[in-house]
Amino acid sequence: MADIATPEFLSELQSLYPTPAKYVDGDWFLAASIAFSSSNCPEGIPYILRYALDDLDKIPDTSDGDRRLLVRKINDGIFKSGLISGYLKVYNALVLLYEATPEELRGTEPLRDFTRSKEEVAAAGQACFDVTYGDTAAKVQPILQSAYPDLEHLTIKFGYGYVCAFMEVTSAKETSFAMIAALIPNDTPRQAEWHLPGAVRNGATVEEVRAVREIALKIAIKTGIPLKHEVPNI
């Protein structure tokens, strides 16, 4: 994997994303980690982590809180991406990320609130789904319901309610980035076409969305994913 996730390639990926005011808000490392996971090449993630942490340490006044946030964003983004790429890939990615993470930056407690009622989770999921899909929500949700009612229940209550609606580490737009970065290596253009504008509805700029798309596409190609369909753009 060292021959793929080279410093030169990671620098190229980083250059695609608009320069943020704060390094930890430059979501290239989030998108890249998820795209490597979704491409079934999680071995690239430790290289991204080390590269990003080294970058962060070059900035004056960087704190352990900044380092911890960067690690948590990658963790939570990969966790959310499991709804797209599958949790076996997420398991492999998070284990490798854990092993590469300095001990003082590792999480030790769950971040989500397990005490919320089913009604609270369902309401949060519906709200998150509606904002992400915008005008298309009323069309997409009945498709899930008619295809298999359990799918609609799982998507809204668990996928969006429990997993995606948690925004205390990865924001709404970063949650959309997680979906896009996972969808492209999975070669699922229909869903990518839904989530590209969804990221804008969740607060991203068009430039940022295009950058995440390009990062995921470059990683998919670099890791040998045979994309049979044209990747939609925004």
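Helices are DSSP runs of H or I with at least four residues, numbered from the N terminus. All views show a predicted model.

**View A. The second largest pocket, with H8 as the main contributor to its lining.** The volume of this pocket is about 430 Å³. Its lining counts 21 residues. Nearest the centre lie Leu-83, Ile-84, Tyr-133, Leu-144 and Thr-155. Two or more lining residues come from each of H4, H6 (118–133), H7 (137–147), H8 (149–164), H9 (172–183) and H10 (189–201). H8 gives the most, six residues. The lining of the second largest pocket holds 15 nonpolar and six polar residues, and no charged ones.

**View B. The largest pocket, about 510 Å³ in volume.** Lining this pocket are 19 residues. Asn-75, Asp-76, Gly-107, Glu-109 and Leu-111 are the closest to the centre. The largest share comes from H4, with five residues. By class, the lining of the largest pocket splits into ten nonpolar, four polar and five charged residues.

**View C. The largest nonpolar core, a set of 66 residues.** Trp-28, Phe-29, Phe-36 and Leu-70 have the most contacts inside this core. The helix that gives the most to the core is H2 (28–38), with eight residues.

**View D. Surroundings of Phe-29.** Neighbours within four places in sequence are left aside here. The remaining contacts of Phe-29 are Tyr-23, Val-24, Ile-48, Ala-52, Leu-70, Lys-73 and Ile-74. Leu-70, like Phe-29, is among the residues with the most contacts inside the largest nonpolar core.

View E. H2 is largely enclosed by the rest of the structure, because eleven of its eleven residues are buried. Buried here means under 20% relative accessible area. Just after H2, Asn-40 has a positive phi of about 60°.

**View F. The largest cavity, with about 60 Å³ of space.** Two cavities of 30 Å³ or more are counted in the model. The largest is lined by Cys-128, Thr-132, Tyr-160, Cys-164, Met-167, Ala-172, Thr-175, Ser-176, Met-179, His-195 and Asn-202. H6, H8 and H9 each supply at least two of the lining residues. H9 gives the most, with four. Six lining residues of the largest cavity are nonpolar, five are polar and none is charged.

**View G. The second largest cavity, with about 40 Å³ of space.** Leu-183, Ile-184, Asp-187, Thr-188, Pro-189 and Ala-192 are among the residues that line this cavity. His-229, Glu-230, Val-231 and Pro-232 also belong to the lining. By class, the second largest cavity has six nonpolar, two polar and two charged lining residues.

Methods. Residues numbered from 1 in each chain as written. Predicted model: local features only at pLDDT ≥ 70, side-chain atom pairs only at ≥ 80, totals over all residues. Heavy atoms only, no water. 1 Å grid on protein atoms, 1.4 Å probe; cavity = no way out; pocket = protein on both sides within 12 Å on 5 of 7 lines; lining within 4 Å. Points joined across faces, edges and corners; volume = space filled by probe spheres on them. Nonpolar A, V, L, I, M, F, W, Y, C, P; charged D, E, K, R; others polar. Core = buried A, V, L, I, M, F, W, Y, C linked by side-chain atoms within 4.5 Å. Buried < 20%, exposed > 50% of the residue type's maximum accessible area, 1.4 Å probe, protein only. Contact = heavy atoms within 4.5 Å.
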